Amino acid sequence: MNVGIIWFRNALRLNDNRVLVECLNSTNSQTILPLYILDKSDLEQNNNENKIKFLYESLIDLDANFKAKFGSNLIVLNGKSKDIFRKLLDSDLLDLSEIFTDYSNKPDDIENENNLKSILAENASVKLHLISKVNSLTNVQEVVSQENFKPPKTMKDMEKLFSNLYPKDEDGFYSIDKPLEIPENSKPIYENSSEIIKDYLFDVKKELSLLEKDSKSYFKGGESEAIIRLERKVSSEEEYIRNFRKPRTISTNKPENPLEPETTGLSPYLSFGCLSPRLLWKETEKCYRNGEHTQPPESMHGQLMFREMFYILSRAVENWDSDTNNSMCKKIEWGDFDKSKMELWEKGQTGFPYIDAMMRQLDATGWMHHLGRHAVSCFLTRGQLWQHWEQGRDVFDRKLVDADWALNNGNWLWLSGVAPFSMPYFRLYNPCPDGKSSLNVEAKNAEFVRYWVPELKDYPSKYIFEPHLAPTPIQENARCIIGKDYPEPMVDRKVVAKENLAKFKASLATLK
Ligand SMILES: Cc1cc2nc3c(=O)[nH]c(=O)nc-3n(C[C@H](O)[C@H](O)[C@H](O)COP(=O)(O)OP(=O)(O)OC[C@H]3O[C@@H](n4cnc5c(N)ncnc54)[C@H](O)[C@@H]3O)c2cc1C
C-alpha cells in the first residue's frame, strides 16, 4: 500500500493544519507516516534551553494528541533530513508515494527541501507537496508572484493587500478563510517504519527529562497550552481584545506576576506552529463582532497584519537577513564588533536597570515584551552602543522562545532605523524610563525591576531606574553600592546618543 508522509515542521498542531488534512484526503496514499525530524547537535548549538524545552514539550503534546485522535504515535527522528529521506526512499519495505509539509521560506527549511528535491529527482514517482497558508494568513508565494506585487512597507499597504485578497463582508471584516477542523477521517498508520529508521529514533520524553530542572522558562510548549492561553487571553477577554492598543500595553508585565505578559503571550505558540494565526484572527474577530473595536496598526488584527507583512517581505526581499544587497536595509557604518559591550548587554550588566531587567528576563524565560524589545534593540544599535543590528538579532534568535526568522529580522531592521518601514532613526528611547515614558513601565513600585535586578530591590522607586544618581546614604541603606554591587552605567547615555545620531546622519549622507 502506498504511504504518504506527514512531515511536521512548523505546524506542531492538529487544529487548522492543512498539511494533515491534505495528506488524509489524498487518494494517492492509503497509509500515513507522521514524522518530525530534528538535528540535536544543530539544535543545541543554535538555541538555548528554553527553546529546546518548548520544542520537546510541543512534540510530546502533539504525540499525545495525535495518538488520541489517530491511534498512533508521532515518530520523532534525530538526524539530517536528507539522510533520513534517502533511507526511507531506498527501503524495499516502504512504498512511498508522497510527502506533505508546510510551505516555508526560512533558509534552513529551503536547504532541507532542496536536498529532498534532489533525492526525489531520482524517484519521479514520489511527490512533494508544499502546503501553503499553514503558518500565514495568505499564500505568501502566490502573493509575491502577482504581476503588480509591490513589497508592503506600511499598514496601509497591508490593508490594500488584504482588501484585494479577502474582500470585506457587509460588517467590514476581511473574508479570511475559516480555520480547518481536526479531520474526522483517518488512514491506517504505516507500521513497519521503525525497522528502516531505527538508527534515528529519538526519545523526546527522555531528552526533556535531561534538561535543567530549575529553569525559569515560563511558557510550556504544545497545542494544548496554546488553546488554553487563547481562551484565557483572547476568547474570554472580549473587552480587552476590543480595546487592545499595542503601544498602550505595559512592558513590565502584570503587576501581580512579573512573568505574565500584559499582551497575549501567544508568540511562542505561533512561532512553533502550536497555534494557527487564522484561529487567533478568527477568535479576535468574534470579539470584534460584538461591538466597537480598535483598528490596525494598534489593534490585535493589526499585530497579525504586521506578522503577515514580515512573512511576505521575507519571501519577496532578497538577503532579508543581511545588510548587504537587501533593498529593505540601509547599509549604515556600524561600529566594529565589541565583545565586551555585547556581553554586558546580553548578560544584563549595562548599569541601566530597565535594560538589564529586560535582558535578564530574556535570558531566564526566553520572552520579552515588545516595548522592552524596542528599548534594548535601540540601546544596542543607534541609541547607545553603536553595534550592528545583526549582532542583536543573533542573540534574540538564540534566546527568544518565539524566535521567528521573518519576524526577528524584520523587527531588528525596523528598530535599528535602517528600513523604509523603520521609525525615524533620531527618535530614541530613554533607557532610564519614568512613569510617563512611551515604554509604559510600572514605575510606582517598579516590581519588575526589583524582580529581575534583585541587587536593587531595596531602592526607593525614585532612583531605581537610575540608581547611580542616588546619594550615598540611600545606596548604603539599600545595601547596594553602585560600581560595587551593581554596575555603573556602561556609557553616558546622553553623550553617546548624540554621537551616534551624528554618525548615523553622516553614514546616511554617504549612501545618497
Ligand atoms: C527587535 C525585535 C525582535 C522581535 N523578534 C520577534 C520574533 O523573533 N518572533 C516574534 O514572534 N516576534 C518578534 N518580535 C515582535 C513582537 O515583539 C512579538 O511578536 C510580541 O511581543 C509577542 O508577544 P505577544 O504574543 O504577547 O504579542 P501580541 O501583542 O499579543 O500580538 C499577537 C501576535 O501578533 C504578532 N506580532 C505582534 N507584534 C508583532 C510585530 N511587531 N511584528 C510581527 N508580528 C507581531 C505575534 O505573532 C504575536 O504573538 C520582535 C520585536 C522586536 C522589536
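This is a predicted model: local features need pLDDT of at least 70, side-chain atom pairs count only at pLDDT 80 or more; totals for chains, interfaces and linings use all residues.
Residues are numbered from 1 along each chain as its sequence is written, and side-chain values use heavy atoms, with hydrogens and water left out.

**View 1. Phe-162 and Trp-281 make a tilted pair.** Rings of Phe, Tyr and Trp (its six-membered ring) pair if their centres lie within 6.5 Å; planes under 30 degrees apart are stacked, over 60 edge-to-face, and the rest tilted. That rule gives 30 aromatic pairs. Here the centres are 5.8 Å apart and the planes sit at 45°. Phe-162 is in helix H7 (residues 155-165) and Trp-281 in helix H13 (residues 277-288), 119 residues apart; helices are DSSP runs of H or I, at least four residues, numbered from the N terminus.

**View 2. Tyr-174 also pairs with Trp-281.** This one is tilted too, at 6.3 Å centre to centre and 45° between the planes. Trp-281 has a relative accessible area of 1%, so this residue is buried (under 20% relative accessible area, 1.4 Å probe, protein chains only). Tyr-174 counts as buried at 9%.

**View 3. Arg-373 lies over the face of Trp-367.** The distance to the ring centre is 5.6 Å; the rule asks for CZ of Arg or NZ of Lys within 6 Å of the ring centre and within 35 degrees of the ring normal. Trp-367 also belongs to a ring-pair cluster, whose members include Phe-54 and Tyr-218.

Notes: Helices (H or I, at least four residues) and strands (E, at least two) are DSSP runs, numbered from the N terminus. Buried means under 20% relative accessible area, exposed over 50%, partly exposed in between (1.4 Å probe, protein chains only).
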